[in-house]
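Please keep the sequence and the model in view while reading.

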Amino acid sequence: MTPLSGPLASYGLAGAAALAVWAGRAAELPARWTRVELDVLDAYPKAAAAMRTAVARRPDVIFGPYGSGPAVAALGATDELVWNHGGATDRLNRPRFGNALNVPAPASAYFSAVLEAVRASAATASAVVILHVATGFGREVARGALEAARRIGFEVQAHEFAAGQATTAARKLPSGDVLLVAGAFADELAIAPVLLDRPWQAAAFVGAGVDEVLAPLGATREGLLGPCQWLAGQGTSLDEGPDADWFVREFRAATASEPPYPAAAAFAAGVLCGRCLRDAGTTESQALLTVARRLDVRTLFGRFRLDLRTGLQVGHEVLVVQWQQGRRRVVWPPERAERPLVLRPV
């Protein structure tokens, strides 16, 4: 169940298409099962109601929705085990959400890597300014950035804005060396022209990590940093499931489009589900949870390892990308960097 309509539909549809590729062409099941019947439900506009509908159909496996808000609402409506491939949120933790199998890195990790990259490239930068929306996701991103900034040695100020107040908040924002912005994608588009004419040494937007989100900015996007859960072509060694090249080919063939990161996360959830089914030999929730909690494997999406105390994803590594000459280039971590980080002219 995932958004098939509404503002998150493009990513929900991509995730559903990726799971269809897994179900039809890559589901490595135990011998007692021969195929996957994939039933897709629309999680918009009420994810909790959609989850109750899904559970009533008595499925063997449940894959959750794209979007942090929908994921929290959906998993809160059931005690059944759910593969969370689309909610990059710290809220889906134990003990409240002991039924969540979290595939993406949580939102609190998004700007930690960005600040590490900036610190390595700009020893003179000292002041970080954070502008974030007053939602659970925005606050999680900001909290992770605050903790990282203090740990690394930045002075930091965080400023919160309510829905519909992004531009007003941006105009009042103080200046600094490093700008971090976490808002709804529409908010970030509105904020960018207001803020990017200031002399920041580095500027990062959550939306800059995704190919299409800030495309309307055109050349203004050049130099922006962003966190990225997955990038096609950034292949790593894996020990479970098909590689990224295979997945991109199959996704293209099925949809005539390129897979965004939510598609890769959803496909990886399918691969991990298959591994757990093979190891457990049953669809019983406690057996699958026990297997998942001890897994430490790499899929095309990256490493999967759950924190035993919180249940959050701690194996998956967030990449930092920078827009350079019109393309996203990985600039952090160093061992995966395609290009060095370029500071903005001040």
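This is a predicted model: local features need pLDDT of at least 70, side-chain atom pairs count only at pLDDT 80 or more; totals for chains, interfaces and linings use all residues.

Leaving aside its neighbours within four places in sequence, Trp83 is in contact with Val61, Ile62, Phe63, Gly64, Leu101, Val103, Ala269, Leu272, Cys273, Cys276 and Phe304. Trp83 also belongs to the largest nonpolar core, which has 69 residues. Together with Phe205, Phe247 and Phe267, Trp83 is among the residues with the most contacts inside that core. The element that gives the most to this core is helix 9 (residues 261–280), with 13 residues. Apart from this core lies another, of 33 residues, among them Leu115, Ala145, Phe154 and Trp332.

Helix 10 (residues 285–294) comes next. Its residues Leu288, Leu289, Val291 and Ala292 are buried. Seen down the axis of helix 10, the buried residues fall within an arc of 165 degrees, so they line one face of the helix. The background to such a pattern is that an α-helix has 3.6 residues a turn, so residues three or four places apart point the same way. The partners against which the buried residues of helix 10 pack are strand 2 (100–102), helix 9 and strand 9 (302–304).

Attention may now turn to strand 5 (residues 178–182). Five of its five residues are buried, so strand 5 is largely enclosed by the rest of the structure. Val178, Leu180 and Ala182 point one way from the strand, while Leu179 and Val181 point the other way, and all are buried. Which strands pair with strand 5? One is strand 3 (residues 127–133), which pairs with strand 5 in the parallel sense over five bridges; here Val129 stands opposite Leu179. Another is strand 6 (residues 202–205), where the pairing is again parallel and runs over four bridges, with Val181 opposite Phe205. Between strand 5 and strand 6 the chain passes through helix 7 (residues 185–195), and this β-α-β crossover is right-handed.

The cysteines deserve a separate word. How many disulfides does a search of the whole structure find? The search finds zero. Cys276, one of the contacts of Trp83, is in no disulfide, and the nearest cysteine sulfur, that of Cys273, is 7.0 Å away. Since buried means under 20% relative accessible area, Cys276 counts as buried at 1% relative accessibility. Cys228 likewise counts as buried, at 3%.

The peptide bond from Tyr44 to Pro45 is cis, with omega near 10 degrees, and Pro45 is placed in the loop between helix 1 (9–25) and helix 2 (47–56). A cis peptide bond also joins Trp332 and Pro333, where omega is about 5 degrees.

Positive phi values in residues other than glycine are found at Ala256, near 60 degrees, and at Gln325, near 55 degrees. Ala256 is located in the loop between helix 8 (244–255) and helix 9, and Gln325 in the loop between strand 10 (319–324) and strand 11.

Terms used. Residues are numbered from 1 along each chain as its sequence is written. Side-chain values use heavy atoms; hydrogens and water are left out. Buried means under 20% relative accessible area, exposed over 50%, partly exposed in between (1.4 Å probe, protein chains only). Helices (H or I, at least four residues) and strands (E, at least two) are DSSP runs, numbered from the N terminus. Two strands pair if DSSP finds at least two bridges between them. A crossover is right-handed if, with the strands pointing away from the viewer, the path from the first strand over the helix to the second runs clockwise. A disulfide is a pair of cysteine sulfur atoms within 2.5 Å. A nonpolar core is a set of buried Ala, Val, Leu, Ile, Met, Phe, Trp, Tyr and Cys residues joined through side-chain atoms within 4.5 Å. Contact means heavy atoms within 4.5 Å. The arc is that of the directions from the helix axis to the C-beta atoms.
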